Amino acid sequence: MVSRSDLEHAIRASTRIVQQKSVIIVGSQAVLGSWDEDELPAEATLSVEIDVCPMHDDDAESLATELDARIGELSSFHETHGFYIQGVGRRTALLSTARRTTPMSGH
Amino acid sequence: MSVAVTTETQVGTAVRAQRLSRELDQRDLAELAGVGTSAVRRLESGQGSTMRTLLAVLAVLEMPLTLPTAEHQPPVSRRVRGKTHGRPALERREEKISLELHRAVARRLRHDGPSVRAKARANLPRIESKVHGRQAVDWVRQWRDALDGPTHELLDLLVREDEHGIDMRQVSPFAGVLSDDERTAAIRKARQW
């Protein structure tokens, strides 16, 4: 359900909102950083959410919450693009298998 | 004759009508029910009430609260509720947020059902075009069926606290239903759990 181009879009949107150059993609959708969705089994891209962890955030996870509020579940972003961003706090990201991602440029 | 009520305003209106038909003022009703006059006033104006006050008032007015028996009820969640504030024991932050967002959708549905259903139906084709895998396709089909079905079944599906509810909300068709303020309030509430 989530494609590699969706992942790239998510990275661009997230870095703009948190005003940081990089974000951490956490969870199953991180595999799209290495493979296109057509190369993966259906179960690998089942979710419509992309978990994004800001590189820097306060203890209250304010930026993760900002992602939820601005482009999260049931937002207008979700309505327009068919997927959404789930803000993730650093503590959760450190407990998960994480892939550090640099945003695409020039798009 | 009975009619289904789904909002506090409707309950209050019905209570007031029954009270007036018995030529009682609010103070009389409060005294008979063993509650405060202000509680009756809030109940009738749709500002909310405790269950205890509501049941006491309904008993005085001989308006029994009827509910469907177990064999007619839709399946209920067996998830164990948390100990604080009656919140479900949803472990993950995103599950809590998702549930609070869909509770907000449920409130919207009670106030403006046709509009919410229309928005969700409009979202379904795009969701159907993006899902693959038998399980996800079936979930979307369940949403389509529920949108054409009775309100109480749709409400149940929206706010189920079991694994099925969590799964269904993954392919929710309700994007765009809530305002930014409603979404922000729901997210804030989920973070307070």
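How do α7(B) and α9(B) lie to each other, roughly parallel or roughly perpendicular?

Before I looked, I noted that this is a predicted model, where local features need pLDDT of at least 70, side-chain atom pairs count only at pLDDT 80 or more, and totals for chains, interfaces and linings use all residues. Residues are numbered from 1 along each chain as written, chains are lettered from A and ligands numbered from 1 in written order, and side-chain values use heavy atoms, without hydrogens and water.

**Entry 1.** I looked up helix α7 (residues 134–147) and helix α9 (residues 163–170) of chain B: their axes come within 9 Å and cross at roughly 90°. So α7(B) and α9(B) are roughly perpendicular (65 to 115 degrees; axes are lines fitted to C-alpha atoms over the stretch in contact, with angles from 0 to 180 degrees between N-to-C directions). Helices here are DSSP runs (H or I) of at least four residues, numbered from the N terminus.

**Entry 2.** Next I checked who touches whom (heavy atoms within 4.5 Å). From α7(B), B:Trp139, B:Gln142 and B:Trp143 meet B:His164, B:Asp167, B:Met168, B:Arg169 and B:Gln170 of α9(B). I sorted that contact into three nonpolar, three polar and two charged residues (Ala, Val, Leu, Ile, Met, Phe, Trp, Tyr, Cys and Pro are nonpolar, Asp, Glu, Lys and Arg charged, the others, Gly among them, polar).

**Entry 3.** I then turned to helix α2 (residues 26–33) and helix α4 (residues 51–60) of chain B, which pack at about 105° with axes 9 Å apart. That makes α2(B) roughly perpendicular to α4(B). B:Leu29, B:Leu32 and B:Ala33 in α2(B) meet B:Ala56, B:Val57 and B:Val60 in α4(B). I found six nonpolar residues in this contact, no polar and no charged ones.

Definitions and conventions. Helices (H or I, at least four residues) and strands (E, at least two) are DSSP runs, numbered from the N terminus. Angles under 35 degrees count as roughly parallel, over 145 as roughly antiparallel, 65 to 115 as roughly perpendicular and the rest as oblique.
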